[in-house]
Amino acid sequence: MITVQEIQNSLRLDGNIDADLIQRYINTAENYVKNAVDSTVDLSVYRQIDEFNSAVALLTEFYYQTRGEATDSPSKRPFEVTALIGQLKGMDLNK
(Lines give C-alpha, C1' and ligand atoms only; values in the text may rest on other atoms or scores of the structure.)
Protein backbone atom coordinates (compact mmCIF):
# COMPACT_ATOMS: atom_id res chain seq x y z
CA MET A 1 0.00 0.00 0.00
CA ILE A 2 1.33 3.40 -0.97
CA THR A 3 1.38 6.04 1.76
CA VAL A 4 1.36 9.82 1.68
CA GLN A 5 4.81 9.81 3.29
CA GLU A 6 6.24 7.65 0.51
CA ILE A 7 4.91 10.02 -2.14
CA GLN A 8 6.16 13.07 -0.24
CA ASN A 9 9.61 11.48 0.04
CA SER A 10 9.67 10.61 -3.64
CA LEU A 11 8.64 14.15 -4.59
CA ARG A 12 11.12 15.56 -2.05
CA LEU A 13 8.44 17.55 -0.21
CA ASP A 14 9.25 18.92 3.22
CA GLY A 15 7.05 18.19 6.20
CA ASN A 16 3.37 17.50 5.75
CA ILE A 17 2.94 19.54 2.57
CA ASP A 18 -0.29 18.78 0.66
CA ALA A 19 -0.96 15.58 2.65
CA ASP A 20 -4.73 15.68 2.08
CA LEU A 21 -4.32 16.38 -1.63
CA ILE A 22 -1.80 13.57 -2.02
CA GLN A 23 -4.12 11.15 -0.19
CA ARG A 24 -6.93 12.02 -2.61
CA TYR A 25 -4.56 11.41 -5.53
CA ILE A 26 -3.54 8.04 -4.06
CA ASN A 27 -7.21 7.04 -3.72
CA THR A 28 -7.91 8.17 -7.29
CA ALA A 29 -4.86 6.34 -8.65
CA GLU A 30 -5.78 3.13 -6.81
CA ASN A 31 -9.29 3.22 -8.24
CA TYR A 32 -8.01 4.02 -11.73
CA VAL A 33 -5.61 1.08 -11.79
CA LYS A 34 -8.07 -1.31 -10.12
CA ASN A 35 -10.83 -0.44 -12.59
CA ALA A 36 -8.44 -0.68 -15.54
CA VAL A 37 -7.47 -4.23 -14.54
CA ASP A 38 -10.51 -5.84 -12.89
CA SER A 39 -12.92 -3.90 -10.70
CA THR A 40 -14.30 -7.09 -9.14
CA VAL A 41 -11.04 -7.86 -7.32
CA ASP A 42 -10.85 -6.43 -3.79
CA LEU A 43 -8.47 -3.52 -3.30
CA SER A 44 -6.74 -5.37 -0.45
CA VAL A 45 -5.61 -8.00 -2.97
CA TYR A 46 -4.13 -5.38 -5.28
CA ARG A 47 -2.31 -3.61 -2.45
CA GLN A 48 -0.21 -6.74 -1.88
CA ILE A 49 1.17 -6.67 -5.45
CA ASP A 50 4.32 -4.66 -6.20
CA GLU A 51 3.23 -3.83 -9.77
CA PHE A 52 -0.01 -2.33 -8.47
CA ASN A 53 1.78 -0.23 -5.86
CA SER A 54 4.31 0.98 -8.42
CA ALA A 55 1.56 1.99 -10.83
CA VAL A 56 -0.29 3.82 -8.05
CA ALA A 57 2.86 5.65 -6.96
CA LEU A 58 3.73 6.71 -10.53
CA LEU A 59 0.19 7.85 -11.24
CA THR A 60 -0.10 9.72 -7.93
CA GLU A 61 3.15 11.57 -8.60
CA PHE A 62 1.93 12.38 -12.12
CA TYR A 63 -1.35 13.78 -10.75
CA TYR A 64 0.55 15.88 -8.22
CA GLN A 65 3.11 17.21 -10.67
CA THR A 66 0.53 18.13 -13.32
CA ARG A 67 -2.11 19.60 -11.01
CA GLY A 68 -3.50 22.92 -12.08
CA GLU A 69 -2.18 22.70 -15.62
CA ALA A 70 -4.51 24.43 -18.04
CA THR A 71 -3.74 23.43 -21.60
CA ASP A 72 -5.67 22.58 -24.73
CA SER A 73 -4.13 19.11 -24.86
CA PRO A 74 -4.35 16.93 -21.75
CA SER A 75 -1.17 15.45 -20.33
CA LYS A 76 -0.77 11.77 -21.05
CA ARG A 77 -0.39 9.35 -18.21
CA PRO A 78 3.09 7.85 -17.87
CA PHE A 79 3.72 4.92 -20.21
CA GLU A 80 5.03 2.89 -17.26
CA VAL A 81 1.56 2.96 -15.69
CA THR A 82 0.05 1.48 -18.85
CA ALA A 83 2.77 -1.19 -18.94
CA LEU A 84 2.17 -2.13 -15.30
CA ILE A 85 -1.59 -2.33 -15.89
CA GLY A 86 -0.86 -4.73 -18.75
CA GLN A 87 1.21 -6.91 -16.43
CA LEU A 88 -1.53 -6.90 -13.81
CA LYS A 89 -4.10 -7.96 -16.39
CA GLY A 90 -1.99 -11.06 -17.07
CA MET A 91 -1.94 -12.13 -13.43
CA ASP A 92 -4.37 -14.54 -11.78
CA LEU A 93 -5.75 -12.19 -9.12
CA ASN A 94 -8.61 -14.42 -7.97
CA LYS A 95 -6.47 -16.98 -6.14
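1. Contact is used throughout this note to mean heavy atoms within 4.5 Å. The structure is a predicted model, in which local features need pLDDT of at least 70 and side-chain atom pairs count only at pLDDT 80 or more, while totals for chains, interfaces and linings use all residues. Residues are numbered from 1 along each chain as its sequence is written, and side-chain values use heavy atoms, with hydrogens and water left out.

2. On the overall architecture, the protein chain has five helices and zero strands, and the order read along the sequence is α-α-α-α-α. Helices (H or I, at least four residues) and strands (E, at least two) are taken as DSSP runs, numbered from the N terminus.

3. On overall dimensions, the radius of gyration of the protein chain is 14 Å, which agrees with the value near 12 Å that a compact globule of 95 residues would have; the radius is taken over C-alpha atoms, and the globule rule is 2.2 Å times the number of residues to the power 0.38. Along the principal axes, the C-alpha atoms fill a box of roughly 40 × 35 × 20 Å.

4. On burial and surface, 39% of the 95 residues count as buried, where buried means under 20% relative accessible area, exposed over 50%, and partly exposed in between (1.4 Å probe, protein chains only). The accessible surface of the protein chain comes to about 6000 Å², with 46% of it belonging to carbon and sulfur atoms; these areas come from the Shrake-Rupley method with a 1.4 Å probe, and for residues only the protein chains shown count as cover. Among contacts between residues at least 6 apart in sequence, 62% join residues at least 24 apart.

5. Helix α4 (residues 50-65) deserves a separate point. With 16 residues, helix α4 reaches 22 Å from its first C-alpha to its last, close to the 22 Å expected at 1.5 Å a residue, the expected span being 1.5 Å times one less than the number of residues.

6. E30, found in helix α2, counts as buried at 2% relative accessibility, and, leaving aside its neighbours within four places in sequence, E30 is in contact with M1, L43, R47, F52 and V56. L84 lies in helix α5 and is buried, with a relative accessible area of 15%; with neighbours within four places in sequence left aside, L84 is in contact with E51, S54, A55 and L58. L84 and A36 are 48 residues apart in sequence and 11 Å apart in space, C-alpha to C-alpha.

7. Most residues other than glycine have a negative phi. R12, in that loop, has a positive phi of about 60° although it is not a glycine, and R12 is exposed, with a relative accessible area of 73%. D18, found in the loop between α1 and α2, has a positive phi of about 55° and is likewise not a glycine; D18 is partly exposed, at 31% relative accessible area.
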